[in-house]
Amino acid sequence: MNSTIGDIDGRPGHTGSEENDVDDSRDATICVVGLGYVGLPLAVGFDQEGYSVVGFDVDDGKVETLRGGTDTTGDLGDDTIAESEITYTTDPGEMAHADYVMITVPTPVDENRQPNLDFIEAAGRTVGESMTAGTTVILESTVFPGATREVLVPAIEAASGMTCGEEFYVGYSPERATPGDPEHGLRDVVKVVGGQNDEVRDDVAELYETVIDAGVHRAESLEVAEASKVVENVQRDLNIALVNELAMAFDNMDMELDTRSVLEASGTKWNFHHYYPGLVGGHCIPVDPYFFIHRSKQDGFVPQLTETARDVNEAMPEHVADLMIKALNQSGKTLRDSRVLLLGLTYKADVADIRTSKVDGIIEGLREFDVDVVGYDPNGDDDAMREQFGVTVHDEVNFEDFDGVVLATPHSEFEDVDLDAAADAMNDDPAFVDVASMFDPDDVETAGFAYRRV
């Protein structure tokens, strides 16, 4: 099998000249393993550039849906899937045709907040059993520094009987696109690339440069590339934790201190960094720090600041529930007789994904006081939300007979809520907790709500 991107030591030579390497690279076959929110856009991106692309997933239903021309992520559009020439398959034997295999499987943390790399090992075994000599395997899943060499490579070697660096090669390039954000998709974010050596790194970088408009950053090593992914989200987690802690502290002070107003005033200084309090959900910010913590502790150093930031952000759902309890009490409600409407159950505005959403903590906090909670989300799947959160989920927004509203996820649809009509439909003296500060406080209070925001 021929590699068509560059000519690196120990690999079969490419078929083109140095002047036309990028054009000739379209002759390469790429297999993307895992067709979720990361893998499917990646497969489509390479397909649109003229590559022969195989999309592999173990989920028969997902593969059949994609074959039928339906977008399973909701981000790309059905027409994009229908017009693609991707070969969607559950047959790992198709990997034998690939020059490059890109692994984009999930890497969650377990109930003890320890990295779970079972999907990486399973993917490595599947790839190893099917690939042919000369293949380059590129891991895109989030891992701790060292995992590509220490976890993925042994799994491939054991299954294939091949030796890394002699018969196959590995690179690492973390996914950085943001689901549901058209301005920060696959092509729009700089791609970090690392390789087992400089030759492999440059080969992989040239491959990605054919689909990434924002450019490619060549990292010094696999481990630098791996660490960069977790660190960029550790930084965000720390900054959000600071403003979340400020919000909790100000709410506890015996005075009227609105966190958003304080941040607005502080933000008038030229070097102030703008972050806002809220729920920290998703697949990156609340997960990646644990990969860093895990590896750091393995080598004898406890990253206390990172651990504390995680604890602060994990406490925010309980704080939101506490704000609603206080607002209901302020309105003279009997908690065990109160009904609260939870608006927004997905982890992020205008996306359908409910995995790693933090609203379950709000629900749990309200249920401790026997408050009845009902959910509504215009984007999430109602049956899936009922199963995951254990609440009644309405298929349309209805404020009738509720005592309080928690606006948890600021979907754009909620901008059109008529506050006066909502307050009129609710029981007397309703409460309103606005997690993302979507509404003007004066407007909410004028409508008749007891209003609180994070």
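User: Is Phe-432 buried or exposed, and why?

Analyst: A residue is called buried under 20% relative accessible area, exposed over 50% and partly exposed in between, with a 1.4 Å probe and protein chains only. Phe-432 counts as buried because its relative accessibility is 3%, and Phe-439, with a relative accessible area of 11%, is buried as well. This is a predicted model, in which local features need pLDDT of at least 70 and side-chain atom pairs count only at pLDDT 80 or more, while totals for chains, interfaces and linings use all residues. Residues are numbered from 1 along each chain as its sequence is written, and side-chain values use heavy atoms, with hydrogens and water left out.

User: What kind of aromatic pair do Phe-432 and Phe-439 form?

Analyst: Rings of Phe, Tyr and Trp (its six-membered ring) pair if their centres lie within 6.5 Å, and planes under 30 degrees apart count as stacked, over 60 as edge-to-face and the rest as tilted. The count comes to 6 aromatic pairs. In the pair Tyr-376 and Phe-414 the centres are 6.2 Å apart and the planes stand at 55°, so this pair is tilted. Phe-432 and Phe-439, by contrast, are edge-to-face, at 6.0 Å centre to centre and 90° between the planes. Ring pairs also link Phe-432, Phe-439, Phe-449 and Tyr-451 into a cluster.

User: Which residues touch the most other members of the largest nonpolar core?

Analyst: A nonpolar core is a set of buried Ala, Val, Leu, Ile, Met, Phe, Trp, Tyr and Cys residues joined through side-chain atoms within 4.5 Å. The largest one has 35 residues, among which Val-33 and Ile-103 touch the most other members. Helices (H or I, at least four residues) and strands (E, at least two) are DSSP runs numbered from the N terminus; those giving two or more residues to this core include strand E1 (29–33), strand E4 (100–103) and helix H6 (147–160), and H6 gives the most, with 5 residues. Counting contact as heavy atoms within 4.5 Å, and leaving aside neighbours within four places in sequence, Val-33 is in contact with residues including Phe-56, Met-95, Ile-103 and Val-127.

User: How many residues of helix H10 are buried, and what covers them?

Analyst: Helix H10 (residues 288–298) is mostly covered, with 8 of its 11 residues buried, among them Tyr-290, Phe-291, His-294 and Arg-295. The cover over the buried residues of H10 includes H6, H8 and helix H11 (304–314). Just after H10, Gly-300 takes a positive phi of about 90°.
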